[in-house]
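Subject: A structure for you to explore

Hi there,

Here is the structure I promised to pass on. Please open it alongside this email, and then read on for what turned up.

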4 protein chains.
Amino acid sequence: MSQWTPANPHFRERLHANVETPGFTRFLGTTIERVDPGISELVIAFREELGQHHGYFHGGVIGALADNACGIAAGTLAPADTYPITSEYKINIIRPANGELLIAHGSVIKPGTTVTVCRADVSCRTNEQDTLVATMLATLVNVPA
Amino acid sequence: MSQWTPANPHFRERLHANVETPGFTRFLGTTIERVDPGISELVIAFREELGQHHGYFHGGVIGALADNACGIAAGTLAPADTYPITSEYKINIIRPANGELLIAHGSVIKPGTTVTVCRADVSCRTNEQDTLVATMLATLVNVPA
Amino acid sequence: MSQWTPANPHFRERLHANVETPGFTRFLGTTIERVDPGISELVIAFREELGQHHGYFHGGVIGALADNACGIAAGTLAPADTYPITSEYKINIIRPANGELLIAHGSVIKPGTTVTVCRADVSCRTNEQDTLVATMLATLVNVPA
Amino acid sequence: MSQWTPANPHFRERLHANVETPGFTRFLGTTIERVDPGISELVIAFREELGQHHGYFHGGVIGALADNACGIAAGTLAPADTYPITSEYKINIIRPANGELLIAHGSVIKPGTTVTVCRADVSCRTNEQDTLVATMLATLVNVPA
């Protein structure tokens, strides 16, 4: 189904463990809805601690989720003995994220042994309707595990 | 002391209120160490909820703090009836943020009635030594308060 | 066919004039292959003056074409008495641009009265095959004409 | 004088050859005013072919010069058998570049065996006064020469 073949057949286990490790990603309540070669879908549900002054999702949460979606997408294609870390990203916040769910779709634009380029689109769900709120372009570098 | 003159003489009160509002910024434990026309310094202390798998500050925390530092710096120069929101930013993570304190210095590169461009440098403090861990370039747009 | 309605019915004339004005864009040999509401396609043919040391398209040409494609796409939706200028962009160069033709597809992600966000994908054509060589995310601001 | 030590003692010769090779950089009329470990200064003089519709330096020229300044700065620290190529950059254009000379100061923020992060500030000179017109943040990757 995918144009990419994962180098590590156990990529799913590793990536699920990633969001379940105690720390910031788990604090955000990040869940992996989908992970396939070169593709990820991550979700965060709203709660007050994740909001800004209007009660919308805070930009910092949007950035963290999009970055994470890029990392998970890149991680599906990384060799078994490496994992990708974010070298840099750029994000455009295009609308307020006013809703109950934040959904990030990450995808690999160009995999590489050293450098992988990914994008992520973040939508916010209100009344079962998803609206695009941000888009990210990221560069990740594989480092030894 | 500064090359910029704030349009709103009460900019400090407004910006301090910003980080004290319940929500994500307060959850992160963000404190404003300094705020002067065109300049900001923000700090976050480490705790497990802000870490990644190695126990360093998570990239999402670094991005959120740098973005906040840009917003506070831009906010010092915004007209009284407006406030800046982040349109976009780009961040390079250059070293692991392994330490007890994360410190962001935000500064305005070019203020404007509509668009303000800022940068932020983020350092991590270990054993009283600060090491640069990330640098951000951000574009903010003033919206009616 | 498009999800966007142009505010200025004469947008095509204005945008074609843009690339024909003497100066850098004309020096590059830029031609508009397509311009529809929210969408653009621009092309540059290779010649030695546009190359780097390997004889591929220079990164500066790729950046200029992608930026131009974003500007033309944004220009289709700008009000008649304004035109968009580039506030900032970020580009990832993902492969060498080794071929006879450089093709940029620009599209509007989010139009606005003040700020418009666009993306552009740049491909290089060799032996009738197009390969993605770069992708851009750009922020444009409308200014009075 | 510099905090960095170049791995290749002949870095100057190699970098000067870079801008003198026939192609886009030479077409732009790029000259290296200064090149020291981790630092570069590049200049382009205005002529009509480099202008936009107002007769200012075109954004594409500004982007190419800033990118080149980052590449030259990174090149001073690259191992003798490698050279840096631009993986990605982000540039903010903050003022019109209305003047006779475009000057880019490139500097290395973080050198690395694989990834080097640089910034460049671009000024425009009119009547002997330099005004900042753009700032860039770039990621470069060393590849075998």
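Let's begin where chain B meets chain D: 2 salt bridges are found across that interface. Please keep in mind throughout that this is a predicted model. In one salt bridge, the side chain of Lys90(B) meets that of Glu88(D), at 2.8 Å from N to O. The interface of chain B and chain D also has 4 residue pairs in polar contact, both residues being at pLDDT 80 or more.

Which elements of chain B give two or more residues to the side that touches chain D? They are β3, β4 (101–110), β5 (115–126) and β6 (129–144) of chain B. The most comes from β6(B), which gives 5 residues to that side. Sorted by class, the side of chain B that touches chain D holds 6 nonpolar, 3 polar and 5 charged residues.

Now for the extent of this interface. Here 14 residues of chain B are in contact with 14 residues of chain D. Between them, the two chains bury about 1300 Å², and 66% of that is on carbon and sulfur atoms. On the chain B side, the residues that lose the most area to chain D are Lys90(B), Lys110(B) and Leu137(B), which together make up 37% of what that side buries.

Next, please turn to chain A and chain B. In this pair, 27 residues of chain A are in contact with 27 residues of chain B. The two chains bury about 2200 Å² between them, with 55% of it on carbon and sulfur atoms. Three residues, Phe24(A), Phe27(A) and Tyr89(A), supply 26% of the area that chain A buries against chain B, more than any other three residues.

How many salt bridges are there between chain A and chain B? The count is 2. Lys90(A) and Glu88(B) join their side chains in a salt bridge, with 2.7 Å from N to O. Polar contacts are found here too: 17 residue pairs across the interface of chain A and chain B, with both residues at pLDDT 80 or more.

On chain A, the elements that give two or more residues to the side touching chain B are α2 (24–28), α3 (59–75) and β3 (82–93). Of these, β3(A) gives the most, with 9 residues. The residues on this side of chain A divide into 11 nonpolar, 12 polar and 4 charged.

Finally, how are chain A and chain B arranged? A rotation of 180°, with 0.0 Å of shift along its axis, superposes chain A on chain B with an RMSD of 0.0 Å. The two copies are therefore related as by a two-fold rotation axis. Which residue of chain A comes closest to the rotation axis? That is Lys90(A), whose C-alpha lies at 2.0 Å from the axis. The same surface serves both copies, as 100% of the contact residues of chain A recur in chain B.

Enjoy looking around, and do write back with any questions.

Best wishes

Notes
Residues are numbered from 1 along each chain as its sequence is written. Chains are lettered from A and ligands numbered from 1 in the order in which they are written. This is a predicted model: local features need pLDDT of at least 70, side-chain atom pairs count only at pLDDT 80 or more; totals for chains, interfaces and linings use all residues. Side-chain values use heavy atoms; hydrogens and water are left out. Contact means heavy atoms within 4.5 Å. Buried area is the accessible area (1.4 Å probe) that two parts lose on being put together, summed over both. A salt bridge is a side-chain nitrogen of Lys or Arg within 4 Å of a carboxyl oxygen of Asp or Glu. A polar contact is a pair of N or O atoms within 3.5 Å; within protein, one must be able to donate a hydrogen and the other to accept it, and residues adjacent in sequence count only if both atoms are side-chain atoms. Helices (H or I, at least four residues) and strands (E, at least two) are DSSP runs, numbered from the N terminus. Ala, Val, Leu, Ile, Met, Phe, Trp, Tyr, Cys and Pro count as nonpolar, Asp, Glu, Lys and Arg as charged, and the others, Gly among them, as polar. Copies are superposed by least squares on the C-alpha atoms of residues with pLDDT of at least 70 in both.
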